[in-house]
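Let's take a walk through a protein and look at how its charged side chains pair up. Have the structure open and follow along.

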Amino acid sequence: MIIEAVQAGDVERVMELIEEHPERAAERDAQGVSALLHACYMGRPDIVDAILPRLPALDLLEAAAVGDTRRVAQWLENDDAVERRSGDGFTALHYAAFFGWPEIAGLLIAAGADVAAVASNPMAVQPLHSAAAASQRDVAERLLAAGADPDARQQGGFVPIHAAAQNGDAALAELLLDHGANPTLETDDGRSAATIARTAGHGELADRLDERSKPSS
């Protein structure tokens with residue numbers, strides 16, 4: 001019940017349900033994804049704040065999503081914690097990457113988190129895709145320094161520089177290029193990073209990507 005309220009963005013209903021039955025704060029969907037993670041997915045910090053105080057504890061995935069460094073560090077004392085996945089297929093490093101927690105990403109990487117972990121769902125994203133999609137450059141830099149493939153493909157043939165192009169994130173695009181990203185790679189439907197940038201209205205970045213796509217003389 002609380003999951004539906006979270007997905008509807010109804011913070012008042014969420015608070016009402018938790019007030020009536022505090023244990024509902026820990027509710028999970030059929031896949032095992034918690035109400036807290038759904039609130040994170042929805043980009044609703046107000047709902048996150050409503051749920052957090054009523055939770056008895058955070059698991060590693062939730063802690064990574066909300067930026068609880070202390071709790072992440074505690075979980076990493078458990079040898080196998082870093083390999084755990086959410087019910088919908090993401091690792092803690094995916095969450096740290098997407099929600100922008102570079103310190104947590106660093107802790108996870110130091111603990112052996114796989115920077116090339118592919119989400120076990122149709123999106124098939126790696127943590128670098130997650131960071132690029134949300135323009136989290138600080139996390140992307142850590143991932144690249146740890147060996148993440150700048151040209152890793154996800155669903156649809158998208159690579160991280162395509163996300164940077166879509167978002168108009170020139171700094172991230174340059175970071176990826178500096179780490180060897182190939183600007184000529186195309187999506188499965190034939191779009192290059194420059195094409196994606198230009199279609200999204202980022203002409204200056206598109207020109208820069210076109211220039212970087214030319215063979216060196």
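Before we start, one term: a salt bridge is a side-chain nitrogen of Lys or Arg within 4 Å of a carboxyl oxygen of Asp or Glu. The idea behind it is simple: side chains of opposite charge can pair when their charged atoms come close. Keep in mind that what you're looking at is a predicted model. Searching the whole structure turns up 13 salt bridges.

Start at Arg44, which pairs with Asp46 in a salt bridge, with 2.7 Å between the closest N and O atoms. How open are these two to the outside? Arg44 has a relative accessible area of 23%, so it counts as partly exposed. Asp46 is also partly exposed, at 32%.

Now jump along to Asp169, which forms a salt bridge with Arg137, the closest N and O atoms being 3.0 Å apart. This pair ties together distant parts of the chain, with 32 residues separating the partners. Asp169 sits in the loop between helix H11 and helix H12, while Arg137 belongs to helix H10. Is Asp169 buried or exposed? With a relative accessibility of 6%, Asp169 is buried, because the cut-off for buried is under 20%.

Glu211 is partly exposed at 45% relative accessibility, whereas Lys214, at 52%, counts as exposed.

Salt bridges can also join up into a network. Here, that's what links Arg28, Asp59 and Glu62.

Conventions:
Residues are numbered from 1 along each chain as its sequence is written. This is a predicted model: local features need pLDDT of at least 70, side-chain atom pairs count only at pLDDT 80 or more; totals for chains, interfaces and linings use all residues. Side-chain values use heavy atoms; hydrogens and water are left out. Buried means under 20% relative accessible area, exposed over 50%, partly exposed in between (1.4 Å probe, protein chains only). Helices (H or I, at least four residues) and strands (E, at least two) are DSSP runs, numbered from the N terminus.
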